Amino acid sequence: MLNKPVLVESLIVFAIVLFVHTVVWDRYSWCAVALAIQAFYVQFKWDRLLQLGGAVFQFRTAANSGLLPASMVIPLLGIVMKERCKSAGIVYFERFGIVVASTGMLVALFLSVIAVGITKPVPTNTCILTGVAGSIIIYTMKHSLTVSEVIEVLEVLLIFVYLSMILLYLLPRCFTPGEALLVLGGISFVLNQLIKRSLNVIEGRGDPIDFFLLVAVVGVVLLGLFFTVLFIFMDSGTWISSMFFHMMTAVLGLGVIMPWLYRLIQRNPLFWLLQFLFQTHTRVYLLVYWTFLAASACGVVFYQNAKRSSESKKHQASTITRKYFHFIVVATYVPGLIYDRQLLYVAAVLCLAVFIFLEYIRYFRIKPFGQTLRHLLSLFLDERDSGPLILTHIYLLLGMSLPVWLFPRSCAPKGTLSGAGALVPYSGVLAVGVGDTIASVFGSTMGEIKWPGTKKTFEGTVTAIFAQIIAVALILIFDSSVNLNSSYAWILASVSLVSLLEAYTTQIDNLLLPLYLQIMFM
């Protein structure tokens with residue numbers, strides 16, 4: 001029997017795909033539609049495998065596979081990036097968009113083939129659909145990509161395969177298949193880009209902040225893999241192991257990551273970073289303001305834990321309490337988006353590295369703060385943190401930051417896009433910071449009419465849509481670089497579709513919603 005919420009979620013994703021391709025229809029549109037149809041059918045095979053425990057790895061159990069919504073994100077991002085850069089006349093990034101779209105399609109197709117291959121008995125109709133979709137995609141790639149681009153796509157696929165086998169084994173119950181596709185696919189692409197750019201360094205070519213993002217992401221992932229393997233052979237909770245952890249972090253940071261970044265930006269990374277952060281008075285004021293907000297967030301954590309100690313050891317933070325952090329993040333990102341987006345870009349990268357490093361300390365119980373972090377953060381766990389890692393706060397940061405990081409600056413005249421595209425950097429603020437927060441708060445306190453098959457309410461969704469429209473009006477008032485050019489109907493449709501997706505998806509909404517809103521705006 002088909003799951004009604006999954007059907008509605010799939011219809012919303014199909015609607016977004018069709019909306020995008022009413023504006024952008026070319027040979028890649030046939031590939032995207034074929035991929036969406038086959039992912040819809042394979043999604044139910046994955047769901048059945050998860051219910052029967054037939055999947056090779058242990059996935060998050062409180063959600064469906066999420067294959068369809070995850071499969072479409074990277075291809076659609078590549079397609080809309082291609083169109084934006086084509087209209088701007090930037091050939092290099094137009095080709096880059098085609099590579100992104102092709103890579104996303106091939107990785108999604110690979111995950112579908114895995115599900116079909118391990119389903120018993122073999123689903124004949126789904127196999128035929130997957131074969132047809134694969135043929136269309138491969139035929140289009142054959143006539144669209146150069147030999148070097150085909151090699152690049154296959155390199156990303158190879159990295160994805162090996163990374164999936166390693167991380168899904170080491171981190172059981174942390175992801176659904178769809179979340180694994182998004183997260184591991186993204187990491188694979190970043191790693192391949194870093195290797196490619198490291199082998200072809202041209203002085204003065206490329207923005208240092210882009211290199212900083214690539215090196216930071218790959219560096220923290222490699223650091224985690226190194227310590228995971230190391231602590232298989234020794235107890236991570238002892239003082240000797242903790243000292244070794246800190247020592248090796250310094251060695252790898254100063255001996256590998258820093259020289260790697262130096263090779264790419266052709267200057268001392270620490271001096272460059274300090275000069276960048278304190279370059280103007282505006283940046284200094286923003287850094288002071290963000291430090292105050294970070295202290296406020298820590299204050300909320302300590303206050304809620306003190307409250308738990310005085311009331312009950314089983315006390316868990318409510319939904320409204322967890323949304324405090326969403327408000328703090330909105331207060332962090334909006335001034336950065338208005339006054340200095342490059343600083344926000346770099347600060348978000350630093351914050352991501354710190355978050356992941358602190359999660360390593362918590363996970364490995366590194367002294368002296370590992371056990372304390374475990375105690376403090378356990379208060380804010382929800383059903384999505386069913387694995388050994390706590391990822392919801394990292395997903396929140398990613399959801400707010402990805403629209404800033406993925407904004408096609410080179411294809412945007414004067415650093416901004418026209419029409420709804422001008423709101424692309426605000427996608428995370430609108431979808432997660434405003435929409436998801438308001439939907440949760442109003443839905444849990446005043447909602448009465450539930451959407452069929454879900455815990456989400458009609459009142460929460462409608463309130464979220466209105467709140468995002470009001471937020472867009474405020475952005476227009478305070479950010480002079482935003483010019484919507486009468487694209488209000490498209491913005492309303494985009495916000496409404498993504499808010500409906502929030503009501504029906506069981507995936508990590510902090511990660512999924514901003515990406516879909518960014519796709520619609522672009």
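Y339 touches T282 and L286, leaving aside residues up to four places away in sequence; contact here means heavy atoms within 4.5 Å. L286 sits 53 residues away from Y339 in sequence, yet the two are 8.8 Å apart in space, C-alpha to C-alpha. Y339 itself belongs to helix 12 (residues 319-339), and it's exposed, with a relative accessible area of 60%. For that scale, buried is under 20% relative accessible area, exposed is over 50%, and partly exposed is in between (1.4 Å probe, protein chains only).

A quick word on the source: this is a predicted model, where local features need pLDDT of at least 70, side-chain atom pairs count only at pLDDT 80 or more, and totals for chains, interfaces and linings use all residues. Residues are numbered from 1 along each chain as its sequence is written, and side-chain values use heavy atoms, with hydrogens and water left out.

Now zoom out to the whole chain. It has 19 helices and zero strands, counted as DSSP runs numbered from the N terminus (helices: H or I, at least four residues; strands: E, at least two). The radius of gyration is 22 Å, close to the 24 Å that the globule rule gives for 522 residues, so the chain is as compact as a globular protein of that length. That radius is taken over C-alpha atoms, and the rule is 2.2 Å times the number of residues to the power 0.38. Along its principal axes, the C-alpha trace spans about 55 × 55 × 55 Å. Buried residues account for 56% of the 522.
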